[in-house]
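Hi,

Here is the structure I promised to pass on. Have a look at it first, and my notes on what turned up follow below.

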Amino acid sequence: MRTKFGLILMICAFLVISACGNNPSSSDSAKQNESANAAGETVKDEPSKEATTEPAKEEPKEEPKEVSNKPGEKFTLGDWEVVLDSFEFDQKVSADMFSSSADEGNKFLILNYTVTNNGKEAKDFTSIIGGVSMKAIFKEEYEYNYTVTMIDGDLGTGSIKPLAKKSGFVVIEVPDSVADSKESLVIKLEDQDKAQITLR
């Protein structure tokens, strides 16, 4: 009986020892990692640092630069070659038998341009839909958009053929206080590019 009991104890002890031998302790695995690192080997448990590279960051796209010009200077705006020949303030704008008047207390800022369409198809310089966006900025904060008058000579009426040149006007209605002021007044134009004309 004692021999059987002793034999069973020995078998149990053998099983426990063999199970412990196959499962290394955490301190043993840490020692293996240290020795592998010292030898310059990569340990399988740790992810490779080379595999976790960050994707290259894209450079932000630059906004089109806003070119500043004076009346009489030629500049390019997308497919357009533009010159502001002159400007004036008036209560009305007219051509032949037709005229258009500004509202009471306002004046028209009449911008006389010569433009050339360097694009490959006919298009409007300014128009109700599409065309060059144009506005007057007073004292760097007050904005006034252009008005299409439907009068002959208005660059908002009628398209311009490729490589053709046309002279005409664009009208922006502003209050009398803006017209009579000496404060800064600029015209901002935008198509594929941006441009600015400093009037005063």
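**Strand pairing**

Strands E8 (residues 142-147) and E9 pair in the antiparallel sense, over two bridges. Within that pairing, Thr147 has Val171 in E9 as its bridge partner. Before you go further, keep in mind that this is a predicted model.

E9, which spans residues 165-175, also runs antiparallel to E6, and there 11 bridges join the two strands.

**Cores**

Which residues touch the most other members of the largest nonpolar core? They are Leu111, Tyr113, Phe125, Met134, Ile172, Ile187 and Leu189, out of 29 residues in that core. Strand E6 (residues 106-117) gives the most to this core, with four residues. There is also a second, separate core made of eight residues, with Ala102, Phe108, Ile110 and Ile151 among them. As background, nonpolar side chains tend to be buried together in soluble globular proteins.

Setting aside neighbours within four places in sequence, Asn106 is in contact with Gln91, Glu173, Val174, Pro175 and Asp176.

The other is Gln196, found in strand E11 (residues 194-198). Is Gln196 buried or exposed? With a relative accessible area of 15%, Gln196 is buried. The side chain of Gln196 makes a polar contact of 2.9 Å with the side chain of Lys188.

**Salt bridges**

How many salt bridges does the structure hold? There are four, and I'll go through some of them here.

Lys123 pairs with Asp79, the closest N and O atoms being 3.0 Å apart. Lys123 lies in the loop between E6 and strand E7 (133-138), while Asp79 lies in the loop between strand E2 (74-77) and strand E3 (80-90), so the pair ties together parts that are 44 residues apart in sequence. Both ends are partly exposed: Lys123 has a relative accessibility of 22%, and Asp79 has a relative accessible area of 26%.

Lys74 forms a salt bridge with Glu81, and here the closest N and O atoms are 3.9 Å apart. Since the cut-off for a salt bridge is within 4 Å, the pair still counts. Lys74 is exposed, at 58% relative accessibility, whereas Glu81 is partly exposed at 25%.

Lastly, Lys135 bridges to Glu143, with 3.4 Å between the closest N and O atoms. Lys135 counts as partly exposed, at 24% relative accessibility.

That's what I have for now.

Cheers

Note on methods. Residues are numbered from 1 along each chain as its sequence is written. This is a predicted model: local features need pLDDT of at least 70, side-chain atom pairs count only at pLDDT 80 or more; totals for chains, interfaces and linings use all residues. Side-chain values use heavy atoms; hydrogens and water are left out. A nonpolar core is a set of buried Ala, Val, Leu, Ile, Met, Phe, Trp, Tyr and Cys residues joined through side-chain atoms within 4.5 Å. Buried means under 20% relative accessible area, exposed over 50%, partly exposed in between (1.4 Å probe, protein chains only). Contact means heavy atoms within 4.5 Å. Two strands pair if DSSP finds at least two bridges between them. A salt bridge is a side-chain nitrogen of Lys or Arg within 4 Å of a carboxyl oxygen of Asp or Glu. A polar contact is a pair of N or O atoms within 3.5 Å; within protein, one must be able to donate a hydrogen and the other to accept it, and residues adjacent in sequence count only if both atoms are side-chain atoms.
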